[in-house]
Amino acid sequence: MAQASATFGVEETHGILWRPENRVYAKSDGRGWSSLYASTQRETPYEAHYPAVQDHLLILHLDGPVGVRRRLGAQECHKIVPPGGLFILPGGVEFGVELEGELDSLHVYLRRDLVQEVADDLGLDGPELALTPRLGERDLLIERLALGVREALTDDDAAAGTYVDYLSRALAARLLREHSTSAPEKAGPPKGGLTTAQIALVNDFMEAHLDRPLALVEIGSACGLSATHFARRFRVAVGVPPHQHLMRLRVERAKRLLQGNLPIVEVALACGFAHQEHLSRVFRRMTGMTPAGFRRVAQS
């Protein structure tokens, strides 16, 4: 497989997506995501062996139950996996798999470097740290986070990339705390929030770049923090994740621009929305009004 790049592409995965009998619903190719790769698909029964890739694989079963046989070296495990069941495979591990029935699934690959970054931030480090393979177990928090990734696959939200960066780190933290060789008690409590000066730097950076997608690592760098460290501290300080705050800023800018005569489609692009319909959908959800309706009231 290809070496890791800034944007996470299908060529860095095991290639399960390339099986011709699979029906792909959505995939993250072309979305510019760097912290994870994701796809949803309808899988049909198959048996195959895959060499190792460096990044970690998480599969969420979206329907079922279905029988799955997994081979890791000389060890073989067979389970009937229910909807919501997980398949967790650490990076660097080759495996064999037999899927015994049709399955709708969500595949999420997490960057190894990102997981290590989160481990360092949590104080979980050392050569003995490793993710634990799982088959069929349920974890409701991982399920909710993974479903958030699935929603982002089909969302043209201007903050979707920032949201995915946030979700990837939340997934990594959960995997490290509950599905690794680390002892949960080693993970320290969340650190304090950002300083007033750091919040000001972040707001200034976001405001200066509202017209384009923003990665969490960029926003964290604006106040001198890693993406993982920043995301945790930001939520403590502000009360919402960075992607939600970013969307609020985009809508507030749209409100200001709508008080002038700039065409609504140009307002949308100036605020980082994909198109006018995208602005209208988000604006109405957050304000209860359409952009055109807001303009009429503001200019009356």
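Modeller: Buried means under 20% relative accessible area, exposed means over 50%, and partly exposed lies in between. Please bear in mind that this is a predicted model.

Colleague: Is Asp55 buried or exposed?

Modeller: Asp55 has a relative accessibility of 3%, so this residue counts as buried.

Colleague: Which residue does Asp55 form a salt bridge with?

Modeller: The partner is Arg111, and the closest N and O atoms are 3.5 Å apart. Asp55 sits in the loop between β3 (46-50) and β4 (56-61), while Arg111 sits in the loop between β9 (103-110) and α1 (112-122), so the pair ties together parts that are 56 residues apart in sequence. Arg111 is buried as well, at 8% relative accessibility.

Colleague: How many salt bridges does the structure hold?

Modeller: It holds 22 salt bridges.

Colleague: Where do Lys255 and Glu252 lie?

Modeller: Both are in helix α7 (residues 242-258), three residues apart, which is about one turn of the helix. Lys255 is partly exposed at 22% relative accessible area, and Glu252 is partly exposed at 37%.

Colleague: Which residues do salt bridges with shared partners join into one network?

Modeller: Glu47, Arg69, Arg71, Glu76, Glu98 and Glu100 are joined in this way.

Colleague: What is the distance between the closest N and O atoms of Arg71 and Glu76?

Modeller: In that salt bridge they are 3.1 Å apart. Arg71 is partly exposed, with 24% relative accessible area, and Glu76 is partly exposed at 49% relative accessibility.

Definitions and conventions: Residues are numbered from 1 along each chain as its sequence is written. This is a predicted model: local features need pLDDT of at least 70, side-chain atom pairs count only at pLDDT 80 or more; totals for chains, interfaces and linings use all residues. Side-chain values use heavy atoms; hydrogens and water are left out. A salt bridge is a side-chain nitrogen of Lys or Arg within 4 Å of a carboxyl oxygen of Asp or Glu. Helices (H or I, at least four residues) and strands (E, at least two) are DSSP runs, numbered from the N terminus. Buried means under 20% relative accessible area, exposed over 50%, partly exposed in between (1.4 Å probe, protein chains only).
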